[in-house]
Every structure is written in C-alpha cells, then in structure tokens.
Amino acid sequence: MEYLYAFLTGGAICVIGQILMDATKLTAPRVLVILVTAGALLQAFHLYEPLVDLAQTGARVPLPGFGYTLAKGAMEGAQENLLEAVTGGVKAAAGGISVAIGWGYLIALVFNPKSVR
C-alpha cells in the first residue's frame with residue numbers, strides 16, 4: 001500500500017506541474033519555482049508533513065519535497081538561533097543537492113551534452 005500512495009502522490013504532483021505548463025503560459029522554470037515554493041509554504045503551515053507521513057518518498061522526491069526539506073531545516077534551525085535558521089535549510093538539503101550535482105556532472109561526462117540554442 002505504501003508504494004501505491006507514493007506513486008499516486010508523486011504522480012499527482014507531476015500532473016499539477018504539467019497542467020500548470022499546459023493550461024497557462026508559465027515556462028518550466030517558473031513552474032519549478034512555484035512547486036518548490038508551494039512545498040515550503042505548506043510546510044510552514046504544517047500541512048506538508050502529513051502528506052510526507054502518508055506517501056513518504058512520493059512526497060519527498062518531487063520539487064515540493066525540496067521546498068519542504070528547506071523549510072523544515074530552517075524551522076528546526078530557528079529553534080537554535082538566528083544563524084541556524086538561515087543555514088538550517090541548506091544543511092537539511094545538502095545530501096540531495098550533493099547527489100544531484102554529482103550525478104549531473106557524471107552524466108555530463110558520459111554523454112557530452114550540447115547547449116540548447
């Protein structure tokens with residue numbers, strides 16, 4: 001059942017992003033920013049945590065999950081002091097950011113990407 005919840009939740013998030021791109025004149029980068037910001041705002045009001053508890057990876061992996069991770073880290077850091085409130089989000093997301101950069105570099109070496117003109 002966990003796999004079904006993860007699949008449906010992650011798929012629903014992707015469908016929302018696709019609808020935003022198809023039904024509006026928003027470009028893909030703007031939709032990405034909207035989704036990350038939505039995840040952070042939902043976490044600020046403690047609304048994204050129940051979704052993560054239900055769908056687990058299905059809610060953590062898509063872009064709102066990145067916003068959720070940043071906001072959660074900042075909120076936990078804010079309990080320590082002001083500096084931790086600023087750096088807490090980056091510390092919380094450091095693993096995912098590192099993996100994304102590492103894999104992106106490795107794939108770029110293997111496949112020799114070309115610029116889009």
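A residue counts as buried when its relative accessible area is under 20%. Glutamine 43 has a relative accessibility of 3%, so glutamine 43 is buried. This is a predicted model. The protein chain has six helices and zero strands.

**Whole chain**

- Read along the sequence, the pattern of the protein chain is α-α-α-α-α-α.
- The C-alpha trace spans about 45 × 35 × 30 Å along its principal axes.
- The protein chain has 117 residues, and 21% of them count as buried.
- The chain exposes about 8400 Å². Carbon and sulfur atoms supply 70% of that area.
- Take the contacts between residues at least 6 apart in sequence: 48% of them join residues at least 24 apart.
- The chain carries 7 positive and 7 negative charges.

**Helix H1**

- Helix H1 covers residues 2-23 and holds threonine 9.
- Threonine 9 has a relative accessible area of 12%, which is under 20%, so threonine 9 is buried.
- Leaving aside neighbours within four places in sequence, threonine 9 is in contact with Leu51, Ala55, Gly58 and Ala59.
- Of these partners, Leu51 and Ala55 fall within helix H3, residues 48-55. Gly58 and Ala59 fall within helix H4, residues 57-60.
- Glutamate 2 also lies in helix H1. Its relative accessible area is 54%; exposed means over 50%, so glutamate 2 is exposed.
- Glutamate 2 and serine 115 are 113 residues apart along the chain. Their C-alpha atoms are separated by 40 Å.

**Helix H2 and glutamine 43**

- Glutamine 43 sits in helix H2, which runs over residues 28-44.
- Which residues does glutamine 43 touch, not counting those up to four places away in sequence? They are Tyr48, Glu49, Tyr68, Ala71, Lys72 and Met75.
- Tyr48 and Glu49 belong to the span of helix H3, residues 48-55. Tyr68, Ala71, Lys72 and Met75 belong to the span of helix H5, residues 63-78.

**Loop residues with positive phi**

- Most residues other than glycine have a negative phi.
- Histidine 46 has a positive phi of about 60°, although it is not a glycine.
- Histidine 46 lies in the loop between helix H2 and helix H3.
- Histidine 46 has 52% relative accessibility, which is over 50%, so histidine 46 counts as exposed.
- Glutamine 56 is not a glycine either, and its phi is positive, near 50°.
- Glutamine 56 is found in the loop between H3 and helix H4.
- At 36% relative accessibility, glutamine 56 lies between the two cut-offs of 20% and 50%, so glutamine 56 counts as partly exposed.

**Helix H5 and phenylalanine 66**

- Phenylalanine 66 is found in helix H5.
- Its relative accessible area is 35%, between the 20% and 50% cut-offs, so phenylalanine 66 is partly exposed.
- Not counting residues up to four places away in sequence, phenylalanine 66 touches Val36, Arg60, Ala93 and Ile97.
- Val36 lies in the span of helix H2, residues 28-44. Ala93 and Ile97 lie in the span of helix H6, residues 82-111.
- Phenylalanine 66 and threonine 27 are 39 residues apart in sequence. In space they are 19 Å apart, C-alpha to C-alpha.

**Helix H6 and its kink**

- Helix H6 has 30 residues, 82-111. From first C-alpha to last, helix H6 reaches 43 Å, close to the 44 Å expected at 1.5 Å a residue.
- Where is the kink in H6 centred? The kink is centred on alanine 94 and is about 55°.
- Alanine 94 is partly exposed, because its 34% relative accessibility falls between the 20% and 50% cut-offs.
- Alanine 94 and leucine 70 are 24 residues apart in sequence. Their C-alpha atoms are 9.6 Å apart in space.
- The buried residues of H6 are Gly88, Gly89 and Ala93. Helix H5 is included in what covers these buried residues.
- Ala93 is one of the residues that phenylalanine 66 touches.

Note on methods
Residues are numbered from 1 along each chain as its sequence is written. This is a predicted model: local features need pLDDT of at least 70, side-chain atom pairs count only at pLDDT 80 or more; totals for chains, interfaces and linings use all residues. Side-chain values use heavy atoms; hydrogens and water are left out. Helices (H or I, at least four residues) and strands (E, at least two) are DSSP runs, numbered from the N terminus. Buried means under 20% relative accessible area, exposed over 50%, partly exposed in between (1.4 Å probe, protein chains only). Contact means heavy atoms within 4.5 Å. Accessible areas come from the Shrake-Rupley method with a 1.4 Å probe; for residues, only the protein chains shown count as cover. Lys and Arg count as positive and Asp and Glu as negative; His and the chain ends are not counted. The place of a charge is taken as NZ of Lys, CZ of Arg, CG of Asp or CD of Glu. The expected span of a helix is 1.5 Å times one less than its number of residues. The bend at a residue is the angle between axes fitted to the seven residues ending there and the seven starting there.
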